[in-house]
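Reader: I would like to learn how to read the features of a model such as this one, beginning with the surroundings of the ligand. Could you take me through them in turn?

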Amino acid sequence: MSATATRSTLAERYIAAFPQSQARYAQARTIFPAGVTHDVRMMDPFPIYVERAKGSQKWDVDGHAIIDYFVGHGALLLGHSPDDVVAAVQEQMAKGTHYGSCHDLEIGWGERVQQLVPCAERVRFTSSGTEATLMALRLCRIVTGKPKFLKFLGHFHGWHDYVAIAADAPYDGTGVPGVPDAVAGVCVSVPPNDLNRVEETLKNDPAIGCVILEPTGGHWGTVPIRGEFLRGLRDICTRLGRILIFDEVITGFRVAPGGAQQYYGVTPDLTSLAKILAGGLPGGCLAGREEIMSYLEPRPGRVKMKHPGTYNGNPLSAAAGIAVLDRVATGEPTRAANASAQQLRNRLNAMFAANNWPWVAYGDFSMIKVLPNYQGPRPDPNAGVNDGLIPLNGDLNVLDGASSARLTTAVRQGMLLNGVDWWKLAGMTSSAHTAADIAQTVTAMENTVGAILREGIM
Ligand SMILES: Cc1ncc(COP(=O)(O)O)c(C=O)c1O
């Protein structure tokens, strides 16, 4: 892939560089709505098709090596196909993929969650993060007898009806197509980082039984949340008798071996986990205080929450999860991924400043956000993990508002043309990313923004 500027546009170069993907997409359009199996994979004029991946890279059907910042939608803290995880899954595959019975691996997997995650007195496996938050909310309704819950604008907790509300811009109360009003009515959403608003809302609405949030901020830190807010929330929920749920589907095992709750020393009552938990295979869990989780048990004189699920505690996912969590427990994968992301943020900012471009990179831990059209103070290049800037005082509608499809498509195309798969205006690192990957990514961004400016896309 040539990184040099030519007369052709990014879109034209993209089409020329990925002909095999284009052909696959033509076929996929006849099978899948929009040609894809996940909304995030929709891309104009077509997405890339990948045939193998290892470490920090994936290879597409046109033979390009691509540095990957999707990292399995956040699931691959160790990068793609680590040898020990592959071996563990292969060994288990030969022994059986589903016993329809209890098994040793689920015990080992659950024990590791208990050991790593501060609130995890008890654990129940699910098949996904969406199922874990669904379970958390129903469990809270049973335990508290209160039908409603509080969430934050711009916080994503999966795609089930209850949490679809206020997950994405616009944050003006617009309903989500297909979600019944009666369901939407049990979700109360408030802006992040406003403790007074939370306290007032909970005091004024006794029907709210619990509070759920992404503990480093919605959409993995687009509007960052820091420890002070988490400590305040813990205090409010304890004082007002509400259950506090950290949705650590992304942050769990990523920001620290025990997640954001360990890093910030704030223990929620319940935590939803998935992604890294299952080592890149499907799987999730709800973990939390025994007193609450015990409502999954039959106890005399008390209701029990029903919870089936064909793939709960699946042996293959358990084998992968155990292999990954043993590496997570050393702290090394988190340290390496955080260090790479910090280096990338700093180098992107140095590059933006050197070009005099009004762009900024920010973010905490192993998560990186890129913000165009930014005129405010720049982050300190020496800022450590989690003490960086919150741009624009955390203005939700700018940081996480509707973005220009033309711009985000151009960024994606430009980065892919330069050998980098980047989530529109964001990326996540794994422990497999190298200094050479970071250097190539900065050059890719420089070429991409340069082309965008030349084409007048913004
Ligand atoms: C914070 C958060 N919660 C829940 C989910 C849903 O998890 P899943 O995609 O496994 O259903 C996601 C998925 O990205 C997430 O980021």
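Author: A residue is near a molecule if its C-beta atom, placed from the backbone, lies within 6 Å of it. The model is predicted, so that local features need pLDDT of at least 70 and side-chain atom pairs count only at pLDDT 80 or more, while totals for chains, interfaces and linings use all residues. Residues are numbered from 1 along each chain as its sequence is written.

Reader: Which residues come nearest to the ligand?

Author: Of the 14 residues around the ligand, those that come nearest are S128, G129, T130, G158 and V249. Helices (H or I, at least four residues) and strands (E, at least two) are DSSP runs numbered from the N terminus, and helix α5 (residues 129-144) gives the largest share of the shell, 3 residues.

Reader: How many residues of the shell are nonpolar, polar and charged?

Author: Ala, Val, Leu, Ile, Met, Phe, Trp, Tyr, Cys and Pro count as nonpolar, Asp, Glu, Lys and Arg as charged, and the others, Gly among them, as polar. The shell around the ligand divides into 4 nonpolar, 8 polar and 2 charged residues.

Reader: What span does helix α17 reach, and which of its residues are buried?

Author: The expected span of a helix is 1.5 Å times one less than its number of residues. Helix α17 (residues 435-454), with 20 residues, reaches 29 Å from its first C-alpha to its last, which is close to the 28 Å expected. A residue is buried if 20 or more other C-beta atoms lie within 10 Å of its own, exposed if 12 or fewer, and partly exposed in between, with C-beta atoms placed from the backbone. In α17 the buried residues include D437, I438, T441, V442 and M445, and what covers the buried residues, by contacts (C-beta atoms within 7 Å), includes α1 (10-17), β3 (65-68) and α14 (332-355). After α17 comes G456, whose phi is positive, near 70°.

Reader: Where is N356 found, and is N356 buried or exposed?

Author: N356 lies in the loop between α14 and β11 (360-362), and its phi is near 60°, a positive value in a residue other than glycine. N356 counts as exposed because it has 6 C-beta neighbours inside 10 Å. L392, in the loop between β12 (367-371) and α15 (396-399), also has a positive phi, near 55°, and counts as partly exposed because it has 17 C-beta neighbours inside 10 Å.

Reader: Which residues does a cis peptide bond join?

Author: A169 and P170 are joined by one, with omega about 0°, and P170 is in the loop between α6 (161-164) and α7 (181-184). The peptide bond from D44 to P45 is cis too, with omega near 0°.

Conventions. Contact = placed C-beta atoms within 7 Å.
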